[in-house]
Amino acid sequence: MMHILTLLSCVLAGRLAACHPGEEHAAELRARGEFLQGHVGNLDHCAQELESSGVDRRDIQRRLFMTNRLRRKRRLEDEQDSESWHALHASRESLFRSTASCVLAPEEMVGPYYVAGESVRSDITESQPGIPVEVDVQFIDATTCRPVVGKYVDLWQANATGVYGGVVNPENGNGLADQKNLKNTFLRGVQKTDDDGVVKFSTVFPGHYKGRTIHIHVMLHPNAKPYPDGTIIDHTAAYVGQMYFDQKLINSIERLAPYSQNRNPLTLNSQDLLLQQDLSLGGHPIVQYKMIGNRLEDGIVAWLRYGINPAKRSRVSPVATREGFLSRETLEVQKSEM
């Protein structure tokens, strides 16, 4: 049965801290900082290996293909492939360096909105309104500089007005009165990394909520396997992280509907303590992006490369598990594995 976490206030230096509700934020930041100190914060040391193995070249080709496919889907004017290729190729080095991100973050960073038991699917939109986003997330083993292949990745985020589906708590949507939200699965899903360590999701640009800048959560499971009904329930993670967006892009999208209807106070990137800690320690978890057309409403392609240590293990605690909605066959499989 689903349960609701008791929410705690996060106070830092006598004021409300930028945080997920329910987190002891000052202690969490200290633990996270201690963990990240002494770890490689980016993938600069892998540049030669990723170039020579063809990973960089295939990344550029994949993003170009995604952009042009979406332009055709939206019946926009065709781009000149050669021109786009050369533009992306010329900026390859700067893109690579800026997409290198943080290594494994401690378990505490999973936040209070992670729900176990989501479906393996690439399109997680479920008709949620917002700016279309194609997310391309890549995981590289920072110890070997090779792609992390064949691992399942959870992704979850808030909708345009800052609401997480599948969760009930006082600071989410309509609060404790919104019990129907427990059954919602929008903007949540799982994908398996391909030969280049990549997962792709179709979603919408996330909205903001009180205390945090705009972000998307990701979690890589080292040994997860889907149940017969196509869901993943795994409480072990090799990576727990968050993706962020350029502040200028956020500001532009916030002026558009339905984001402009979001009444939550907006936290800027510069005010978000978790993001600022990542940046101060050498990571750069801010996505690169390309607009599909001339308008944001046409959508964007966003990509980010994570450097992780897949041998690391941490226990993660979901706020809820979708047991109540699983098939009898899946429940029997789970019982046999206990």
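**View 1. Eight helices and 17 strands make up the secondary structure of the protein chain.** The model is predicted. The chain has 338 residues, and 54% of them count as buried. Take the contacts with a sequence separation of 6 or more: 79% of them join residues 24 or more positions apart. The accessible surface of the chain is about 15,100 Å². Carbon and sulfur atoms hold 49% of that surface.

**View 2. Strands β7 and β8 pair side by side.** β7 covers residues 152-156. β8 covers residues 188-192. The two strands run antiparallel, joined by five bridges. Within this pairing, Asp154 stands opposite Val190 of β8. β8 is mostly covered, with four of its five residues buried.

**View 3. The largest nonpolar core holds 35 residues.** Phe139, Phe205, Met243 and Tyr306 touch the most other members. Several elements give two or more residues each to this core: the strands β5 (132-141), β7, β9 (198-204), β10 (215-221), β13 (239-244) and β15 (300-308), plus the helix α6 (247-254). β15 gives the most, with five residues.

**View 4. Phe139 and its contacts from beyond four places in sequence.** Which residues touch Phe139 once its neighbours within four places are left aside? The set is Pro147, Val148, Val153, Thr193, Gly197, Val199, Leu220, Tyr239, Tyr306 and Ile308.

**View 5. Helix α7 spans residues 273-280.** Its buried residues are Leu274, Leu275, Gln277 and Asp278. Seen down the axis of α7, these buried residues fall within an arc of 160 degrees, so they line one face of the helix. An α-helix has 3.6 residues a turn, so residues three or four places apart point the same way.

View 6. Leu274 is itself one of the buried residues of α7. After the helix comes Gly282. The phi of Gly282 is positive, near 100 degrees.

Terms used
Residues are numbered from 1 along each chain as its sequence is written. This is a predicted model: local features need pLDDT of at least 70, side-chain atom pairs count only at pLDDT 80 or more; totals for chains, interfaces and linings use all residues. Side-chain values use heavy atoms; hydrogens and water are left out. Buried means under 20% relative accessible area, exposed over 50%, partly exposed in between (1.4 Å probe, protein chains only). Two strands pair if DSSP finds at least two bridges between them. Contact means heavy atoms within 4.5 Å. Accessible areas come from the Shrake-Rupley method with a 1.4 Å probe; for residues, only the protein chains shown count as cover. The arc is that of the directions from the helix axis to the C-beta atoms. A nonpolar core is a set of buried Ala, Val, Leu, Ile, Met, Phe, Trp, Tyr and Cys residues joined through side-chain atoms within 4.5 Å.
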